[in-house]
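Please open the structure in your viewer and keep the sequence beside it. The tour goes from one selection to the next and says what is there each time.

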Amino acid sequence: MNTTQNEKVRCLIIGSGPAGYTAAIYASRANLSPVLYEGIQPGGQLTTTTDVENFPGYPEGIAGTELMEDLKKQATRFGADIRVGIATETDLSAAPYKVTIDGEKVIETETLIISTGATAKYLGLPDEQKYAGMGVSACATCDGFFYRKKVVAVVGGGDTACEEALYLSGLAKQVYMIVRKPYLRASKVMQERVLNTPNITVLFEHNTIGLFGEDGVEGAHLVKRMGEPDEEKLDIAIDGFFLAIGHTPNSKIFKPWVETDEIGYIKTIPGTPKTRVPGVFAAGDVADPHYRQAITAAGSGCTAAIEAERYLSEIGR
């Protein structure tokens, strides 16, 4: 017996970070009666951070969870139907588009806004969880301000790691780059900038095996030339530990239908949130390999909802 239930909606939003909730606010006010599924991490990545100090309108800063709760309440106030559930399968071959929730319920939608975000890659150390929000971060632009005149470490050797290290070098007293390989993978220009910045020290052929500290990160346990005969264990004193080994866009279930880059970020028509599928839009970090900020995500959620409304007007729905 088929227990699948189908429901028809005009606008479906998948994901609940700043992009998803902002899209829900705009879509509700445009009378699209949007349905939003919160996904695996209700509120998105911001719920894993402590204070957000760079979101306009909050001069004293605001807790990430509180900011997301405010956005959710605002969307609900205008009539958005916000639900718990995870999109597990999609069929975007023809409109109305079909999205399966939790492997059983099928939503048929005229427009789809994908705002599933991206997940920061971690080393997989238990200490990363232990010190989450207490010295461990995956976003220098978000959290660097808290480490003015302090000592921080950045893990990674690519362009992102170099960008984060350079950004932090303008705030922190000392920046260590912990690089597994004996070289940087970053572009030549980024390598030169890093190596010519006085307060950045690159620790080549070093692996992090743990962190330590009483009420937050106070240092990192490293191994130099791991597995080699001259392997050496050492500790460095740091106040902050930044991961810069990349992000994984949460785009897997949409990949058969929309275009992505080699990493998995959804490609949109430049300057718009439109994918190559008419009526399907991508907003926030899932389509943004460059900025990944709450405010840019919110802005793209706004444009996605406006475009969804225009699309429905054009097709007369």
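Does Arg83 count as buried or exposed? This is a predicted model, in which local features need pLDDT of at least 70 and side-chain atom pairs count only at pLDDT 80 or more, while totals for chains, interfaces and linings use all residues. Residues are numbered from 1 along each chain as its sequence is written, and side-chain values use heavy atoms, with hydrogens and water left out.

Select Arg83, which lies in strand E5, residues 81–83 (helices, H or I, of at least four residues and strands, E, of at least two are DSSP runs, numbered from the N terminus). Arg83 counts as buried because its relative accessibility is 18%, where buried means under 20% relative accessible area, exposed over 50% and partly exposed in between, with a 1.4 Å probe and protein chains only. Its side chain makes a polar contact with the side chain of Tyr37 at 2.9 Å (a pair of N or O atoms within 3.5 Å; within protein, one must be able to donate a hydrogen and the other to accept it, and residues adjacent in sequence count only if both atoms are side-chain atoms). Not counting residues up to four places away in sequence, Arg83 touches Glu7, Val35, Leu36, Tyr37, Glu38, Lys105 and Ile107, contact meaning heavy atoms within 4.5 Å.

A polar atom of the Ser28 side chain lies 3.3 Å from the backbone nitrogen of Ala80. With residues up to four places away in sequence not counted, Ser28 touches Pro34, Ala75, Phe78, Gly79 and Ala80.

Now select the largest nonpolar core, which has 51 residues, and in which Leu12, Ile14, Leu112, Ile113 and Val280 have the most contacts inside it (such a core is a set of buried Ala, Val, Leu, Ile, Met, Phe, Trp, Tyr and Cys residues joined through side-chain atoms within 4.5 Å). Among the elements that give two or more residues to this core are strand E1 (6–14), strand E8 (105–114) and helix H7 (294–314), and H7 gives the most, with eight residues. Centre the view on Leu112, which, leaving aside its neighbours within four places in sequence, is in contact with Leu12, Ile14, Leu92, Val99, Phe254, Gly279, Val280 and Phe281. Apart from this core lies another, of 20 residues, among them Val154, Ala172, Leu184 and Met190.
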